[in-house]
Amino acid sequence: MAKIIAVMNEKGGVGKSATATTLAYLLAKRGKRTCLIDFDGQGHSSIIYGVKNTNRLEVTINTLLRRVIEDEQLPEPDSYILKHESGVEVIPSNSQLFTLERNLCNVDFRERILTQYVDTIQDRYQYIIIDCMPQMGTPMINVMMCADSIIVPTQAELLSTQGLAELLKHYQVIRRNSNHRLRIEGILITMDSPNTIVSAQVRGLIEQGFAGAVPIFQTHIPRSIKVAEAVLYHKTICEYMPNNPAAVAYEKFADELLGAEAAADGEGVRAVG
Ligand SMILES: Nc1ncnc2c1ncn2[C@@H]1O[C@H](COP(=O)(O)OP(=O)(O)OP(=O)(O)O)[C@@H](O)[C@H]1O
Ligand SMILES: [Mg+2]
């Protein structure tokens, strides 16, 4: 069964899509069977993975969830999943997803619609990465009900850190009451300008505010204009310019994530043994 990792922060423009798309790419490059779910009506992950016009897509995460809501049969995954040359398999999205919140309004068990869908593809993969939309609401509760863990990208700026406490509150309620396996992998500082006063101060604030409650990744992703440039070529930074400092940092971040996972698995084995 796949491990489901959501990349989430209700603040916009903090590097969720850059992180989700790059992490999916790096996992696939390391031989992991990886799926990327674009769970944002802006369709940024779909665009980075080569979709030129998201409005032309026939099957999207929204149409799939509509079928779950209507209790209709789902199409065969191989008929709609986009297979990228890197090995990443993408479930795309477009602006129709903006209607999901409204469509879930009167649905029974509306917090579990995404879980019901993901259950149908979970055994195809080792990892399912979900690139989230920048708003809290029923769709995000669906993600928290279905995920094993959350990565929280945060820009190294004061205003970007302000949604973190809110996200943490939702996380704690859901973990306590419904999805007991959910945990936060860590806060990932993105678009960092190392050696600046603002970067050091923001890092200090995050450490003060959340240390103990939430892990913070050692690796920071530096700011590089090449990350935005890569999008023009429908690529992640690691594919576009593997030696760029942001690409190198994303590789280190993937090492850190997988290292922490292996250590946690080791603990589990020891505890059972
Ligand atoms: N390390 C970086 N250096 C420079 N630019 C970056 C970096 N990471 C992301 N960007 C750029 O910053 C912008 C916002 O990043 P991204 O789209 O990943 O954020 P997001 O949190 O997914 O945004 P939204 O909330 O709108 O979905 C994009 O133009 C992206 O290309
Ligand atoms: Mg995004």
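Helices (H or I, at least four residues) and strands (E, at least two) are DSSP runs, numbered from the N terminus. By that count, helix H1 provides the largest share of the lining of the largest pocket, 5 residues. This is a predicted model, in which local features need pLDDT of at least 70, side-chain atom pairs count only at pLDDT 80 or more, and totals for chains, interfaces and linings use all residues. Residues are numbered from 1 along each chain as its sequence is written, and side-chain values use heavy atoms, with hydrogens and water left out.

**Around ligand 1**
- Ligand 1 is surrounded by 17 residues, where near means that a heavy atom of the residue lies within 4 Å.
- Val14, Lys16, Ser17, Ala18 and Ser224 are the closest of them.
- H1 contributes the most to this shell, with 3 residues.

**Polar contacts** (pairs of N or O atoms within 3.5 Å; within protein, one must be able to donate a hydrogen and the other to accept it, and residues adjacent in sequence count only if both atoms are side-chain atoms)
- A backbone N or O atom of Val14 is 2.9 Å from an oxygen atom of ligand 1.
- For Ser17, a polar backbone atom is 2.8 Å from an oxygen atom of ligand 1.
- Asp40 uses a polar side-chain atom, 3.4 Å from an oxygen atom of the ligand.
- Taken alone, ligand 1 exposes 620 Å², and the protein buries 81% of that (Shrake-Rupley method, 1.4 Å probe; for residues, only the protein chains shown count as cover).

Technical notes:
Chains lettered and ligands numbered in written order.
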